[in-house]
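My notes follow the order of the searches.

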Amino acid sequence: MEFLSSPELASQAAALGQVLMIDLVLAGDNAVAVGLAAAALAPEQRKKAILIGLAAAVVLRIGFALITVQLLAIIGLLLAGGILLLWVCWKMWRELQEQRTHDQAEAEAELETALSAHHGGGPPPEALGIKRKTFAAALIQIMIADVTMSLDNVLAVAGAAHEHPWIMVFGLILSIALMGVAATFIAKLLTKHRWIGYVGLVIVLYVALHMVWDGYRATTVRALAVAQHNSFAPAFLDIGAEEIGKFCKPEVGAKLTVCMAQAGPVPVAVTPAAASPSGASPA
């Protein structure tokens, strides 16, 4: 029972919940983005382009997953990732506001158009008022959408679970599964129940702010600028020894020693016997 009430279990459960919601929201966005890009192709070409794009997205996500831990160890990259996720939040907010101003029936009709294109069907682009594109041009647009969404997803999952590697791996595998199997169902779910999108937005925003916070403090520690930060920041924002130990972990050898030295000398407990060579109490 002690294990069930442990802070570590609570932290892992919170991270897992965040990862599940991030995967859910971003999988639906990915389906719509790819469907809209494919709508500019002739119906008979759409399925082929989307399959190529899906294969590329799977390769990209696996590639990003393999190097995520190494990437997050680069000084400043966690901070940059958090800022990028803030842009993703802004994009999600704009999309939610656009949906809110649409009539529900119109929004569902537009979604059906995007998802039918995602499945390789739907009307030709001329019937949708879209200029027809060449296969190569549309495929490039689909690939760009896949790269962007893959990077967004990997960063968000890594930011939510970077302290729990097994949750990060699970989240990235789940994102690939959802993208290939349930993306269109999720997109319909998000359109019908918009509150899910807002919950997802809040979670991604929290992850982004957490990444910015941790990223700034990690950069400060590893750039050996703790003294300068603590001299200018209010006392409650000081970087202490515990954070220094946490953010110095990626360093090795002499760099680790120098990084850890910012925490100051380790206090040594002095016993009365050690204070007096003879062990006698002072007169």
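**Disulfide**

I searched the whole structure for disulfides, meaning pairs of cysteine sulfur atoms within 2.5 Å, and found 1. This is a predicted model, so I kept its limits in view: local features need pLDDT of at least 70, side-chain atom pairs count only at pLDDT 80 or more, and totals for chains, interfaces and linings use all residues. Residues are numbered from 1 along each chain as its sequence is written, and side-chain values use heavy atoms, with hydrogens and water left out.

The disulfide joins C248 to C259, with S to S at 1.9 Å. I then took the torsion about the S-S bond of C248 and C259. It is about -85°, so the disulfide is left-handed. C248 sits in the loop between α10 (241-247) and α11 (253-260), and C259 lies in helix α11, 11 residues apart. Both C248 and C259 are buried. For burial I used relative accessible area with a 1.4 Å probe and protein chains only: buried is under 20%, exposed is over 50%, and partly exposed is in between. I also looked up C89, which is buried at 6%.

**Chain overview**

I counted 12 helices and 0 strands in the protein chain. Helices (H or I, at least four residues) and strands (E, at least two) are DSSP runs, numbered from the N terminus. Buried residues make up 38% of the 283 residues. I checked contacts next, meaning heavy atoms within 4.5 Å. Of the contacts with a separation of 6 or more, 82% are between residues 24 or more positions apart.

**Confidence**

I read the pLDDT, the predictor's confidence in each residue from 0 to 100. The protein chain averages 74, and 73% of the residues score at least 70. Confidence is highest in helix α9 (residues 226-232), at a mean of 90, and lowest in helix α12 (residues 272-275), at 47. Over residues 267-276 the pLDDT is below 50, and this stretch has 2 contacts in the model beyond near neighbours in sequence. Where pLDDT is low, the predicted coordinates should not be read in detail.

**Nonpolar cores**

Which residues touch the most other members of the largest nonpolar core? I22, L85, M92 and V207 do, in a core of 31 residues. By nonpolar core I mean a set of buried Ala, Val, Leu, Ile, Met, Phe, Trp, Tyr and Cys residues joined through side-chain atoms within 4.5 Å. Two or more residues each come from α1 (7-38), α3 (77-101), α5 (135-161), α6 (165-181) and α8 (194-222). The largest share, 8 residues, comes from α5. Another core, of 9 residues, lies apart from this one and includes A38, L41, A138 and I142.

I followed I22 further. Not counting residues up to four places away in sequence, I22 touches N153, A156, V157, A160, I203, V204 and V207. Q18 came next, in helix α1. Q18 counts as buried at 16% relative accessibility. Leaving aside neighbours within four places in sequence, Q18 is in contact with A160, I203, Y206 and V207.

**Aromatic pair**

I searched the whole structure for aromatic pairs and found 1. The rings of W93 and Y198 have centres 6.3 Å apart and planes at 75°, so the pair is edge-to-face. My criteria: rings of Phe, Tyr and Trp (its six-membered ring) pair if their centres lie within 6.5 Å; planes under 30 degrees apart are stacked, over 60 edge-to-face, and the rest tilted. W93 is in helix α3 and Y198 in helix α8, 105 residues apart. W93 is partly exposed at 37%. Y198 is partly exposed at 26%.

**Helix α8 and what follows**

R217 is in helix α8. R217 is buried, at 3%. Beyond four places in sequence, R217 is in contact with H229, L237, D238, I239, E243 and F247. R217 and H229 are 12 residues apart in sequence and 9.3 Å apart in space, C-alpha to C-alpha.

Last, I looked up L224, in the loop between α8 and α9. Phi of L224 is near 60°, a positive value in a residue other than glycine. Most residues other than glycine have a negative phi. L224 is partly exposed, at 41%.
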